[in-house]
Amino acid sequence: VGYLRVDVDRDGVLDDSGLVETGTDCNDADGTVSSDQTYYLDEDGDGLGVDTTTTSLCSSVPPDGYADNAADTNDTIVNDGVEIDDDNIDNDGDGKVDEANTKSENDAHPEYSTYDPLDEAAVDSAVVSVRAKKSGKIRVRFADDSVYVYTIFKGVNGKPTVLQYLDSGYYLLLDKAGKKVAWVNVLNGAVIDRTKLSKRGYTTHHLQLADLRNDDRKDLIMTSRKRAQVRVAIAALNLTKLQFQQQDQIVVTAPGVKLANTTVVGNTIDLRDQRVAIVNLIVTKAHRLVWLQ
Ligand SMILES: [Ca+2]
Ligand SMILES: [Ca+2]
Ligand SMILES: [Ca+2]
Ligand SMILES: [Ca+2]
């Protein structure tokens with residue numbers, strides 16, 4: 001004998017085997033589902049799918065490789081929990097639309113933060129731009145259109161001066177007053193090392209990298225100026241220990257110096273006006289600056 005109506009899983013949707021009333025439950029043994037569900041391809045396995053490839057089945061659980069949403073903005077990288085800029089969608093579900101990501105709210109980017117900062121191809125594929133921002137911050141735009149803002153110098157009002165270390169994910173930052181320098185991995189916002197240069201503030205700066213001691217290691221050269229006072233500071237970068245290994249600085253009175261014209265040849269640093277060298281400094285083997293009068 002048959003039943004008049006059948007709803008074995010008691011989800012309110014009848015099975016199609018009833019004698020009087022038939023229903024459409026696609027699986028009357030599973031109370032969590034009563035009709036075919038659409039699932040979306042999730043190739044990068046981050047729980048976010050795309051609507052270009054879908055599948056339909058009678059299950060409340062997505063099959064392997066599929067997600068129950070079409071919210072992935074980039075299905076080649078893991079970016080769940082990351083706000084994407086300019087798509088008018090609150091991707092990270094915090095109630096704000098298209099805001100910048102922060103490490104405190106979003107954690108480091110789940111995909112890009114794992115890349116090796118010295119892998120040039122990986123860095124190229126991940127980082128679109130790095131810009132200095134006010135209050136000692138930098139703003140990093142990634143290839144998935146997410147933007148991360150990292151605070152590097154706390155309590156500092158102006159924009160830091162920023163220099164990329166070769167084609168890597170490492171950046172060197174001098175704070176607005178030229179008092180502190182930081183070595184940052186922009187892929188995850190980590191400060192690798194930081195060091196204090198002086199208490200004295202400067203107003204303009206120029207950064208460059210050169211191998212001052214001919215040991216195949218790049219050194220950081222920082223020229224800073226306040227009126228006629230020019231400070232030249234150097235810092236050795238130890239890529240093995242990821243530390244500023246040594247630093248020195250010298251302050252000279254040299255009106256007319258154009259910081260951007262600072263030239264480095266071998267172990268000699270020249271401060272120049274438009275055309276000629278005004279001050280020559282030499283870097284010793286011990287990484288000290290000596291002023292050649
Ligand atoms: Ca995905
Ligand atoms: Ca993704
Ligand atoms: Ca948001
Ligand atoms: Ca968004």
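**Close-ups of a predicted model**

View 1. With a relative accessibility of 47%, R5 falls into the partly exposed class. The classes work like this: buried is under 20% relative accessible area, exposed is over 50%, and partly exposed is in between, using a 1.4 Å probe and protein chains only. The areas themselves come from the Shrake-Rupley method with a 1.4 Å probe, and for residues only the protein chains shown count as cover. This is a predicted model, so to speak of a local feature we need pLDDT of at least 70, and side-chain atom pairs count only at pLDDT 80 or more, while totals for chains, interfaces and linings use all residues. Residues are numbered from 1 along each chain as its sequence is written, chains are lettered from A and ligands numbered from 1 in the order in which they are written, and side-chain values use heavy atoms, with hydrogens and water left out.

Back to the view: the side chains of R5 and E21 form a salt bridge, 2.5 Å from N to O. Both residues sit in the segment before β1, so the bridge ties together parts that are 16 residues apart in sequence. (A strand is a DSSP run of E with at least two residues, a helix is a run of H or I with at least four, and both are numbered from the N terminus.) E21 is partly exposed too, at 35% relative accessible area. A salt bridge here means a side-chain nitrogen of Lys or Arg within 4 Å of a carboxyl oxygen of Asp or Glu.

View 2. How many salt bridges turn up in a search of the whole structure? The search finds eight. One of them joins R213 and D219, at 3.5 Å from N to O. R213 is partly exposed at 24%, whereas D219 is buried at 0%. Another pairs D270 with R272, where the closest N and O atoms are 3.9 Å apart. D270 is buried, with a relative accessible area of 13%, and R272 is partly exposed at 22%. Look for D85, R141 and D145 as well: salt bridges link them in a network.

**View 3. Calcium ion (ligand 2) and its neighbour.** Which residues hold the protein donors of this ion? They are D44 (OD), D46 (OD), D72 (OD), D72 (OD), N74 (O), I77 (O) and N79 (OD1), and they lie 2.3 to 2.5 Å from the calcium ion (ligand 2). Donors are N, O and S atoms within 2.8 Å of the metal (3.2 Å for Na, K and Ca), and since water is not among the atoms, sites may look incomplete. Along the sequence, the donor residues of this ion follow the spacing D-x1-D-x25-D-x1-N-x2-I-x1-N. D44 is buried at 15% relative accessibility, and N79 is buried at 2%. D44 also coordinates the calcium ion (ligand 1), which is 3.9 Å from the calcium ion (ligand 2).

**View 4. Calcium ion (ligand 3).** The protein donors here are E83 (OE), D90 (OD), D92 (OD), D94 (OD), K96 (O), E99 (OE) and E99 (OE), at 2.1 to 2.7 Å from the ion. Their spacing along the chain reads E-x6-D-x1-D-x1-D-x1-K-x2-E. Is E99 buried or exposed? At 15% relative accessibility, E99 is buried, while D94 is partly exposed at 26%.

**View 5. Two charged surface patches.** D116, D119, E120, D124 and D167 make up a negative patch. Within that group, D119 sits in the loop between α1 and α2 (120-126) and is partly exposed at 35%. K179, R200, K226 and R227 form a positive patch. R200 lies in the loop between β10 (190-196) and β11 (204-210) and is partly exposed at 40%. Patch residues have over 30% relative accessible area and no salt bridge; like charges are joined within 9 Å, and nonpolar side chains (Val, Leu, Ile, Met, Phe, Trp, Tyr) within 5 Å. Lys and Arg count as positive and Asp and Glu as negative, with His and the chain ends not counted. Each charge is placed at NZ of Lys, CZ of Arg, CG of Asp or CD of Glu.

**View 6. Two buried strand residues.** L220, in strand β12 (residues 219-226), is buried at 0%.
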